[in-house]
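Hello,

Here is the structure I said I would pass on. My notes on what was found follow below.

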Amino acid sequence: MAQRNVSAANFSIADIDRALENPIPPSFIPDLTTFEDKFRKTSPVFEKLLFLKQEFYRSNSEVDAGFEERRRRHAEGHAPPGSYYRKGYERLFQEFEEANGGVFGQGKIQCFLDMGCSPGGFSNWLLENNENACGVGITLPYPQVAKHPLAVDGSHLKESRYHVQYLDITRIVQDKLAQGQAPLIPVGSEGLNGTRPYDLIIAGAFSIGEGNRAWWERIHLVFSQMSIALCNLSPEGDFILVVNTKPFRWLIEVLRLLRLCFRTVSSHKGKELHAIRSSCYIICRGFIAPEADILAYIQSLSNVLAKLGRFVLQPPPNMISSRDIEQSGLPVQLHLFPDLSDDILFQEERTFVLPLLERAWQHQFDVIRTDLVEKGSSTRHTSSAVYRPPQQRTIRSPSAADTSNWRQTERSYPSQPPASGSRGSRYSFGNPGAADGRDSWRQ
Ligand SMILES: C[S@@+](CC[C@H](N)C(=O)[O-])C[C@H]1O[C@@H](n2cnc3c(N)ncnc32)[C@H](O)[C@@H]1O
């Protein structure tokens, strides 16, 4: 197989900056669907980020070595205690508070739901800063499935005003759907105090060392959390959702839905957490959608969730690149707004979505560049690589061989789908290395 002749190359930052100053070579072809490519063509920020990642970051041997070192330290039991990670999420929530003019603390929150709550940073911040608030957390059972526990020591998480359900969020929604019921989440041990009791819902669940998840499992988790949010959020309530920042059609549909439901929608990328990851938090304030619209959106989510649920029993075929998935035609079945063509959706949402995502892309670009500057300084004397644009090199097309490392985590596609019919296999397939620092709390 032809090898990428730049692999393991460390370029000087001057080389990188020079390459970025010039127009991106037309021969640079990122792994995007036709829909996603509309965003690249419209956003120089996105294009430069893709170029920086694909041409320089992924081929930097120091980056791989750093991830490898972190994985080794975790495997040898040198990982920091859970409270260390919890405090990182507390600091992140403090950033949300400051960026939003102090709306989540000082007793302003009465009752919150925190999905994917371990290690407990967001919940603990909310309990600490709202002394009369009650909260419900949902997280995967530890150690059976989750790799990291709720870090209760020295926190408010043991208090009677906080209740944790150790459950899989996708399973909660799937079971309720099968019974024809809404996924209502009771408040504490008292059961449901009327419908839509929460004035803040956080949808912060994503895989942390539980194994790489297939693209459809990721959609399943986001749509399940959305469904719970729409069914349980009180009028004028707030919602925080963690999302990937690649402009998948399904993500743009989610953002559209949020735009239609909330007074304001903004994005936030953490200063330390999520800085290098292709992810950010979407902060939605003021749940104002009319009841009839909410029911229609819940129905639309339920339709897609029913289809996604069937993938658990019969996973779609192995698909490595975005283009493979596009060509399979599967995503069309998963549209939340099936009446909107790609063109119309892009036209209608671009002015809303681009500023949200560009903020996250620019931040990620700056952090990656800084990381490369730091790594460059440690490898300056050994680097002999000269950057050549893509047309002067042999680049192999994406293949399963590419997916055995962090590039897979970034791209989100499995090299092996789970065994057909195996419900439990969803947490065990894929690259075991994903339980390392690449998929760690800190990114
Ligand atoms: C990044 S952590 C969230 C950190 C948390 N917001 C905090 O403040 O500490 C993501 C969490 O989501 C959990 N998770 C992932 N998939 C889940 C699922 N299907 N159901 C419930 N929890 C899930 C993971 O186990 C992990 O604890």
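**What was found**

Of the 443 residues in the chain, 42% are buried, where buried means that 20 or more other C-beta atoms, placed from the backbone, lie within 10 Å of the residue's own. This is a predicted model: local features need pLDDT of at least 70, side-chain atom pairs count only at pLDDT 80 or more, and totals for chains, interfaces and linings use all residues. Residues are numbered from 1 along each chain as its sequence is written.

The chain holds 14 helices and seven strands, taken as DSSP runs (helices H or I, at least four residues; strands E, at least two) and numbered from the N terminus. Among contacts between residues at least 6 apart in sequence, 80% join residues at least 24 apart; a contact means C-beta atoms, placed from the backbone, within 7 Å.

Around the ligand there are 24 residues, of which Tyr89, Gly116, Ser118, Gly121 and Phe122 come nearest (a residue counts as near if its C-beta atom, placed from the backbone, lies within 6 Å). Two or more residues of this shell come from each of α5 (82-99), α6 (121-129), β2 (134-139) and α7 (169-178).

On confidence, the mean pLDDT (the predictor's confidence in each residue, from 0 to 100) is 80 for the chain, and 79% of the residues score at least 70. Confidence is highest in α6, at 98, and lowest in helix α14 (residues 406-411), at a mean of 30. Residues 393-443 stay under 50. Where pLDDT is low, the predicted coordinates should not be read in detail.

Regards

Notes:
Buried ≥ 20, exposed ≤ 12 C-beta atoms within 10 Å, placed from the backbone. Contact = placed C-beta atoms within 7 Å.
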